[in-house]
Every structure is written in structure tokens, then in C-alpha cells.
Amino acid sequence: MTLVKFLATRLATLVFVLLTVSFLTYALFVLLPADPAQLACGRPCTPERLETARAFMGLDRSVVEQWWEFVRGVFTGRTFGSAGASIDCPRPCLGYSFARNAPVTELIAGRFGVTASLAIGAAVLWLVVGVGAGAVAAVRRGTALDRGLMIGAITGVSAPSYLVGLLGILLFGFTLDMVPVSGYVPFAQSPVDWAWHLVLPWSVLALLSAAVYTRLTRSQMLEELGSPYVRTARAKGITERRVVTRHALRNAAIPVVTLFALDLGALLGGTVITERVFSMPGVGALLMEAVGATDVPLLVGVTVFTAAIVVIANLAVDVVYGVLDPRVRRGGRTR
Amino acid sequence: MSLDRSDELVAPTSSAASGAVADSAVADSAVAAVGRVSLWRRLARDRFALVGAVVAVAYALVALAAPLITRALGVDPYTYDLDALGPTGAPAGPLGGISAEHWFGVEPLTGRDLFAIVVMGSRTSLLVGLGATVVSMLVGTVLGLVAGYFGGWVDWVVARLVDVLIGLPALVFMIAVGAVAPEWFPRLLLLVLVIGLFGWSSIARVVRGQVMALRASGFVRASQALGASHAHVLFRQVLPNLASTVVVFATISIPGAIGSEAALSFLGVGVPPPTPSWGRSIGDAVTWFSVDPVYLLFPGLALFGVTLAFNAFGDGLRDALDPRGGGSNRRRRRGGAR
Amino acid sequence: MNLAPRTTRRPARRVAVAGIAVAATLALTACNANSRPGAASSDEATAVQQGGELRILTASPAINWDPATSQNLAITTLGLVERRLTAWQTNADGTTEVVPDLATDTGTPSDDGASWTYTLKDGLKFEDGTPITSADVKYSVERSFAPELSGGLSYHKNLLEGADEYGGPYQGDELDSIETPDDKTIVFHLDSAYGDWPWIVSMPAFGAVPEAKDDIQTYTTQPVATGPYRVADTVEGTSVTLERNPEWDPATDDARTAGPDSVVFELSQDETVVAQRLIADSGTDASAFGATFVPPAQLAQVQQGPAKDRLVTSGPGALAYLAINTEADGLDDLDVRKAISLAVDKNAYRVASGGEIAGDFATTLVTPGIPGREEYSNGVNDVAPEGDVEQAEKLLDDAGWSGRELRLVVEDDAPTLAKAQAIQQGLERAGLKVKIVPQAEDVWTETVTQGDGSKYDLTLSSWQPDFPSANGNIQPLFHSSQVGDGGYNLARYSNPDADDLIDRATEETDVDAAASLWVEADQLILGDAPVVPLIYTKNSFLHGSKVENFRIPDFPAYPNYLQVSLAP
């Protein structure tokens, strides 16, 4: 399979997945025994006004039609309502939230900074902590330090993040009054406040996720340290420090970086629980708001956006591997 | 299923790179290579894993005997005891109302016995944890089998199913499905199904890989040549070879499923009250922490303990199966979500 | 007031004609009810400390400033930025009255009561300095009819003449029943006499919107201010900052004291965290108050600690009740409904709501603070709060109750579920089997207000009128016209005698005569036991130590934002 064809196939898959995800989301929420038009009906509501609202929101059309409008809108933009007071949703239009009176794309853009700040900071932190601990454990294999780190890693994996997060808020936020307990300050407004508000969520997310990286790094390192070329390097008299950092760690890094790319992609799509626990108005919070209000356009838009990021992260990793390793293109395995 | 898709994603996915690397470690080499005897010997040397196993079994026993335990002690998780509460609805007395009558204290606002709630809550956790795992394993094994065995368009369809599954926000669907399902449909079963159906992608991938390897091997081709039906080859010849893999995979999937139930209940979309659930108790208890920290202690420890026990055991099991002893680099589904 | 459109609409939907059901709090979504404080001015208006930055902590993720789609009460969040023809004044004795705002008086009715005339005050200006005219008010009302801008308080759409056929001003049509003979005068022509019209024109749509500046896509976040503040900055999902509007003239405004120099809304806040921040009272939180109710756990915490004097609890306000679906199998039997009423454990319900501070036990439908309310006893409504289980069992036996499982359909947020369990255990004492069916808010609304009502037997709700009148307590909840189709007659109660009484009371123009008719209706309806009154809820709010003039009137049971000021 040529590289071009490989890329084309992966892209087609991406489009297919996004279409399916958006359709499923539409279908499921249309089945829901709740009427989004009721939101827009006002108080007191009359059956006539309900009809008007339904027609305006396009809810009187079939699911397939509604979904198709959505798909078209992504590429062409959409216009709602009458000429006198039309509502424009410029492309890429991920729908228009009538409950919020705003294009979904705009709402997501407004929230993405929060999610990105949360995700990137935490990811950097857990990469450093996780890889560091894993490398140390591997080099000190079999020692008490190694066992301690690995038990710590399992413990970290087992702790529910919301529990740790909330306890962190209570301890560092309220009892010790060291860090702010909630809210978000945009980076542009004040970089210091921005970081200060994010310290706690970063730490919680990172400490729990680092465990996975610790384990992965350790096992990869052990494998590399046992490999022939490392033995050769040692035999040539290269210092142990150099062996570890230049050779073992570098090679062990490939799967770690892969995992990192995927994790980061997933986090960028929004972290429902972390954002909830720390009152962070990110994409995950937006999704929960949409669920709470049965705001179908917002829901579908955010779902598709999130799915897109996740799928793109997958795609990116696949492509990089595909370029690096022709066997992947043939459908083989990397190992 | 995980709530924040980071978990979901990272569990081996469509990517050729991440999980597949690791899964194949268990899948391809481990089980086949290690005899049962040496497996137990390895496992017996891993004290951490053994403790995990013992604790997990203890949890299971408590869950099985929960109604007997509570009845013997004369408590139940449903009866209100408003006399055990102060005027504000917080438990009367220190330490969350711990007394001879209420060993773990009482729940604020209701006065229900917290010991009974925690003990009976183990049933919810384990039932959903085990049930969802069984669903995942069933679906994943069957799809992995057919994908690996038939290849071609079947494989393609399964691969796309996995792709879509990763793209769907599990939590949103759980909420929506909960609302769409008819009111008579048992919520516990619904929870089992949804968590299970969001969690089969990794096992499917592993099974697929193994089946592809087996298919290439001699005995499957020999059977086919002898005219054995596909069903016969698949279920009589291929499937038995996968048993160990599936068992190991199931073990390490359980804590994730337990964590998902707790997380959903924490978010208020899990098991409906008054059925006890640790996740819901934790969600409630967190708001009471400054007034009644003991309320958080027991459900929190119970959940953490069972997740840790299964993780420790599963981890030991995997290490024992991997003769290289490096520990697996596979990323497990974690308890709860971030 | 509702910060977010979404939030805004939710309590709304519980209100059919004259009420607002008060949602307690929500787990997954922001609580709305929180954000609807009301209120107006009081006499100390002039002496208020000026300066400082007030922070308002709210669970809502957004503020909808568009008057056409907002369900804000007269004077909360929107009241800081947008004035209306009338406002509410909250007096020191706890009463609330309607007072002039943009208009010089609360309205002059024609002889038949079907036309109301208002004159605008002199010197009123928009934030850009252009004068406010009666045409701007007319335009503001007209745009609320546009389908693009539905969702707001809609009482006027049922009252104004010719409103049925009107579709908003965007196609160039005008609503002829609103006349503006000159720049200062505006006349409303109604289908029939309506004595509460002065309250109606305190609603958001009766402000002023300059047609030239109307962009329906941006008005939600960038309104043209007429009040003491204007929107300076909005960070999606995070915060909204208000700064002083230099064109606002305090001399024309008795409803607002405008103490703080700026107001910052912190959005998307968890209500538990809000309460804990205010208890801690550190840093800028000292100049903050919570727009969310204090949850039960923090109520307990506050009552034990030094923050107690910063906790403000309203008088008994909304009626919390258990509705019994009178059309459901077996529940059409009065004795079964009486048995349910007797078996309910109001005490457990109140404890689940936070104990004594959460409210007083309820025995009537008309709530305290409403003119003409009377206590009475029919042998069921005023038994001990714990209920009378024996009597309930006896009634059930005599009625030959089938013993079937009752479906208690409730919203799925934690506070509501706690209350539902209290109801469940109470009824089970009398051998009534109850299954709690939690539903997402919108699904719940659909289940209980739409369709044929076959999907529930019992449900929990609470209700606060949009304006203080017994009409608002009873008509929306018990008139047979309010069954289904979005109405809030959740008991699906239909009694021609009660309908007749309600109609007569609505038409009665003499206040005292109307009050006694409402009391009669109260007794008649509760005699049929379609609902079980549980408690008259009290709302508790916390504020920081520098916040002054933070008061809650008897009606509505929310703090008056427009009067709050900061200590220097």
C-alpha cells in the first residue's frame, strides 16, 4: 500500500467515524422523551407557541434531515429564521444553540482555552513525573525504591480522581488556604493567576495519570537495558549514565510518546469529571451543560468536536507510525 | 467505559501503535509460553498480588453474604433514624454518629446506618463490575474472533465499530440511554449493559490478533482442510486457546468497570437511590466533609480498597504470565475516570 | 433572574400561568432558582456606601441579557443593567410592592381596566447617551413576539390585544395594541381587564431596546444598558464584568442604589464550593455573595461556626409539595389519597432538605405572606409532621388498596433524590410500595407536564408565584385547564367546583372578596387531597463580610441584588 493510499484510507475512516458519531448522537437524543422546543417556548407556554418554536428550531423535520443539515452546515454555514432577523452560523457551523443564542462553534472556542490549559499543563507534568519515576525504577530494578514506586503507581491508578481532587481542594484550598479552589483566569488576563488557579487540577490529573507512564517507561527501559546494543555499548566502556540517557531512554520513549499523544488528544476533548470537580468551564463542562438542558444542537456539536480531536489524535499517531514503519501500512504489527 | 475518554482512548484502540503493542505481549507470547504450574509459582512469589487476591475474595464474600451480615446485626440501609441526627441534619454525636448501634455512624439527613450502606453497596459495585466485565468479554471475544478469523470486510466492520465506539462520549450516552430506556427496565442491568458495551474494544483487539496468529498456524488450516465447519474451528479449536488471555483480561478489566459505576453514581446517573452505591455516597460525603469527615471515610476506603485489590492481583497475574518479567507495558483501564 | 438562558427557562417551565417552581439545586447543571432573586428598593436607597467591586458567585454558566428571552424577575441580575416600566420595592417589613421605574407611576387604567397608560420620566438615556423614548419600549415588547426570540416570560402574550397573530417586528409589522402617541407616552390595550398589569410591566420585555442597536445575535451578551451598570466584559463560561453606566441618573431611579463601582459574576461555580468559599471569607470573597442556595451540608457547617451571622435565610416562601396523580389507577380514590397524605413523613422530608432552617411545615396551599391566607384543619392537612401511619393503614384497608407499586418520578439531582427517599420511607411505613424513578430535568418536565400522565403516580415539586397573589398559588396548580400541555397541574386535578371558584376569584376586583374566595378554594381543593403540602421552603444565602444591605424580602424569597453595597 502506498503512503498516499494509506493516508487516504485513514482520512476516509475519520470522516466515516465523525458522520456516524454525529448521527448516533442525533438519533439518540431525538428518541429522548423530552422536547427541546419547550425550552424556547417561554412562560406561560401555549401549544401554538410550542409549535412555532419547534418549526423555528427545525424539530418538525426528520432526524435524517436534521442531521444532514448539520453536516452541510459544517462546510457551508447555516442561516436560521426569517430575512428580517436571520441568525447566521458561519462555517464551520457545528450547529446553533437556541438555548444560548450562540453558534456552537463560538461556544466551543470560548471554552477550549480552559480545556487546553488544563490538559497541556497536566500532560507535561505527568510526562515528567511518570517518565522520571519509571526510568529511576528501571535503573534501580529490584530495589526497595523500585517496589515502592511500582506500588505507588498501582495505588495512583486505583484512586478515583474525583475523590483525590475534592480532598485536594479541601486540604490545599480551604484548610491550608494555599491555592485557589475554583474558577479559571484566562492566560491573556494574567499568566500568574492562570497558572495559580490551575496548579491543583494539574497536580491531581498528573499524579493519577503519571502512574501509567511510570509503568510503561519502566518496562520499556528494562527491555532496552537488556537489549544487545546496550550490552555492546556497555562493553565499549560508555558510561552508565550515557547508556541510560542516550540509548535506553531514547528508545523507550517511542511508545511513551505515542501514548502521550493519544492521552493528550483525549484530554483536549474535555474532561468531564475534572472540570466538574474544579469548577472549570471547559469543553467537558459545556457538554454536561448541554446534557442538563437537553440542548441537542450544542450536544451534537460538542460531541462531534470531541470525537474529532480524539480521532485526529489517533490518526496522527497512526500516520507517524505509518511513515516510520511500512509494516503498519500493510496491516502488520509494530512488534 | 470511561467517562473521560482519555482512559477509553488509551486502552488499546485503532492505533497500531499504542495498546496493540502491549496487548500482543500478553496475547502472543505469554499465555502460550507459560505453563499453569509455573504461573502459580510466579504468582505465589508476588506477595502484593496475593494480598490483592485475598482482599478481592474477601470483598466478594462480603457482597455475597451482605444481607446475612446486616440482618445478623439488625441494621439495614433503608430505615431512617432521625433521632440519630442533630437539628441541622448532621449526625448527632462525634465521629459521624459512630456508636454501638451504628458502627460506621449514620448518613446525614436520613440517619440511615452507614455500615449497612457500605456493606450492601459492595453488592452494587461488584455486581456491576463483574457483570459489565462479562458483557465486555463476551462481545469483545466474539467480535475479535470473527474479525480475526474471517478477516476482510468482517474485520473492516469490527474495526470501524471500534473507531466509532472511541468517538462516542460514554457518559453522555449513559445519561441518554438511561432516559430513553423504559421505566420498568432495571437500572442495574442497564448500567451493566452500557458499561459493558463501552468496554469491549481492547479485548476484541487482543483476541483478533491471537486468532490471526492461530489461523496462520498449522492446526487450524489442517482442520479446515478436513472439512470442519467455521463454527467448529472457531469455538472448538480456536476459542479454547484464548481462555487464559480472556481470564487475565477480565481480571484487569474489573476495577475499571467498578470505577465506572462509582463515577456514574458520583455524577448522579448511576444506580437510583435508595439502592446503596459507594460512588453516590462519596459524592454526597464530599459536600459533608467539613462537618462530618467520617462519612467520606468508609465508602471512600471501600471503593479504593476493592479497586486496589483487583489492580494488584491483575497486575501480578499479568507479570506472572509475561515470562520476560518486565511487567507489561499495556495500559489498563483505570478505576474511575479523571 | 436567570443568568443563563437555560437556567432561566427551567424554573419557568414549571410555571404555567403565574408561578415559578423553585428548583432546589441541581447536581449536573446549574441551579436556576438560585439565580432569581428579586427585589427592589428600599428607603435607605440614598445612604448607601459607594465603591468597591462586588462579586456574585453563581452556578449558571452564562447570563442571558436579552430581555425578550429572559425570565428574570423584576430586579435581579438583569435589573442591574436594564430598567423596566415598573420595579419592585422590598420594604423593611418584608412586603414587596410594585413601584415606578422608567415610568412616572405604576400605570393608569382606563375605566374598563383593559387599557393601561404610562408616561416615561424625563432625562432617561441609554448608555450611548441617546434618550429613551416610548418607541424603544414598544419595540422591546414587540421583539419578544419574534419566533427567534421566544423563551422569555410570556404573560403579556396572552393579554395584549391581537397578540395571537403578531410575529414580531422583524418583517416590519407593528403591534397595534401598543400605542405611542408621543415620545413619553405608551398605551397598552388588553383583551380584557387585568388588575395585575403593573406587575406584568416589571418583566424584562417591558424595558427599552433601541431598534438601531438591535442585533439578536449579540444582544444576549451585549445589551444596551439603561440601568446603573453596563456589560464591560464577558469571558464565556467564566465571568461577566459590569462597570458603571455614566448615562444613568440616580435621580430618576428609586429602585437601585448602585453602591459598588463594578460587579463581577463568577460563572459555572459549584454550589458547595461557593458556600465553602464564603464561609472561609478570604481575599476577594469577602466582597462576594452566593447566588446559589447554601446546600444542607454547608447549612449545618455554618450554623456551627462564625459564618453564622453572614447567613441570610428568607421567610417561608415557595410551597414544596407531593403531587398525587389523581388519574392514576387506584389514586382516583379520595381515601387512598388521604392515606398517602397521612403517611407522608414531613419531618423526614424537612430533615432531608436541611432541617428547621429549610422551611416550616406546610398545611395550606396559599403560602405565608400572601394577603388573606388562613390556617384551617380538615383532619388530614394538619396532623403531626411525622404523619399518622395507623390512620393511613386503616384508610388503605377500607379502600381496598391494591398494594401496587407507586412510581415517584423526580428530577435526578442529589437534593431532590434525598427528598424523594424521605417520602418513600414515610409511605412505606404504611405499607405503600414506592419506586423512585429519577429523570433528567427535561425528561421529568415532559413526563409530568405533557401527555396523558400515564407515566407517574407521584412527583415532587415546589412553587413560588411570579408575583405575590393567591392567584399565582392556586390557578396554575389546580385549574383543570392546566393539566398537560405544559401546564403545572401535576396532580391532574379536575373539579368543576374548584374551577368555578378559581375563575370567580380571578375575576373578583375587590381585594378582600378575592382573598376570601381564594381561601375557600384552598380548603375545597385540599379537601380532595390532590397534593400533600410538605413545607414552605426557606432559602438560605451566604455573603462575605464586606457585603452590606443584603436582604431577602418575604416575596420573592431571594436577595435584592439592586440594593447590595460594600463596606469600604
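**Exercise 1.** Why is helix α7 (residues 170-180) of chain B largely enclosed by the rest of the structure?

Solution. Start with the conventions. This is a predicted model, in which local features need pLDDT of at least 70 and side-chain atom pairs count only at pLDDT 80 or more, while totals for chains, interfaces and linings use all residues. Residues are numbered from 1 along each chain as its sequence is written, chains are lettered from A and ligands numbered from 1 in the order in which they are written, and side-chain values use heavy atoms, without hydrogens and water.

Next, list the buried residues (under 20% relative accessible area, 1.4 Å probe, protein chains only). In α7(B) they are A170(B), L171(B), V172(B), F173(B), M174(B), I175(B), A176(B), G178(B) and A179(B). Nine of the 11 residues are buried, so α7(B) is largely enclosed.

**Exercise 2.** Describe how helices α12 and α13 of chain C meet.

Solution. The axes (lines fitted to C-alpha atoms over the stretch in contact) of α12(C), residues 470-478, and α13(C), residues 496-507, come within 11 Å and cross at roughly 145°. For the contact (heavy atoms within 4.5 Å), α12(C) supplies N471(C), I474(C), Q475(C) and F478(C), and α13(C) supplies D499(C), I502(C) and T506(C). By class, three of these residues are nonpolar, three polar and one charged.

**Exercise 3.** Locate the lowest and highest confidence in chain B.

Solution. The chain B average is 78, and 84% of the residues score at least 70. Helix α1(B), residues 5-10, is lowest at a mean of 30, and helix α5(B), residues 114-150, is highest at 93. Residues 1-34 of chain B have pLDDT below 50, with 125 contacts beyond near neighbours in sequence.

Key. Buried < 20%, exposed > 50% of the residue type's maximum accessible area, 1.4 Å probe, protein only. Helix = DSSP H or I, 4+ residues; strand = E, 2+ residues; numbered from the N terminus. Axes fitted to C-alpha atoms, helices over the stretch in contact; angles between N-to-C directions. Nonpolar A, V, L, I, M, F, W, Y, C, P; charged D, E, K, R; others polar. pLDDT = per-residue confidence, 0-100.
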